[in-house]
Amino acid sequence: QVRLAESGGGLVQPGGSLRLSCAASGRIFSGYTMGWYRQAPGKQRDLVARIIPGGSTNYADSVKGRFTISRDNAKNTMYLQMNSLKPEDTAVYYCNALTAGAPTVVLWNWGQGTQVTVSS
């Protein structure tokens with residue numbers, strides 16, 4: 001059984017930075033496409049960044065140029081570097097493995113997520 005553990009969230013001022021981590025246990029994730037999702041109160045959970053096994057990435061327009069997704073397969077860990085944070089980035093952030101093609105479907109049970117709050 002795969003367990004996902006997100007960490008690194010917190011309270012940050014607008015314009016600040018945070019680095020989120022996603023650790024996967026119970027499965028070697030090097031062969032999977034991985035993604036970061038976020039869910040703001042009252043809204044659906046949206047995919048914001050994706051990284052394929054070879055390292056290519058893509059991003060939602062709302063975070064492009066500010067967020068960077070990366071992975072360390074040796075550590076079974078994925079990261080999300082978030083810069084120039086805005087209040088609208090406030091959400092609970094989750095990670096998961098994804099199907100490689102369309103439609104995008106998550107493959108594993110969700111972790112607990114990590115709260116990111118951007119506020120002055």
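View 1. V12 has V118 as its bridge partner in β10. The model you are looking at is predicted: local features need pLDDT of at least 70, side-chain atom pairs count only at pLDDT 80 or more, and totals for chains, interfaces and linings use all residues. Residues are numbered from 1 along each chain as its sequence is written, and side-chain values use heavy atoms, with hydrogens and water left out. Two strands count as paired if DSSP finds at least two bridges between them.

**View 2. The open sheet of 6 strands.** Follow the order β2-β10-β9-β4-β5-β6 and you have walked across an open sheet with mixed pairing. Which strands stand at the edges? They are β2 (10-12) and β6 (57-59); each has a single partner strand, so one side of each is left without a neighbour in the sheet. From one strand to the next, the twist averages 25° (axes are lines fitted to C-alpha atoms, and angles run from 0 to 180 degrees between N-to-C directions).

**View 3. Strand β3 and its antiparallel partners.** Strand β1 (residues 3-7) runs antiparallel to strand β3 (residues 18-25), and 5 bridges join them. Look for L4, whose bridge partner in β3 is A24. β3 also pairs with strand β8 (residues 77-82), again in the antiparallel sense, over 6 bridges. There, S21 has Y79 of β8 as its bridge partner. As a handy reminder, strands of a sheet pair through backbone hydrogen bonds, either parallel or antiparallel.

**View 4. The whole protein.** How many helices and strands does the protein have? The tally is 0 helices and 10 strands. The radius of gyration is 13 Å, close to the 14 Å that the globule rule gives for 120 residues, so the protein is as compact as a globular protein of that length. This radius is taken over C-alpha atoms, and the rule is 2.2 Å times the number of residues to the power 0.38. Of the 120 residues, 41% are buried, meaning under 20% relative accessible area with a 1.4 Å probe, protein chains only.

Note on methods. Helix = DSSP H or I, 4+ residues; strand = E, 2+ residues; numbered from the N terminus. Buried < 20%, exposed > 50% of the residue type's maximum accessible area, 1.4 Å probe, protein only.
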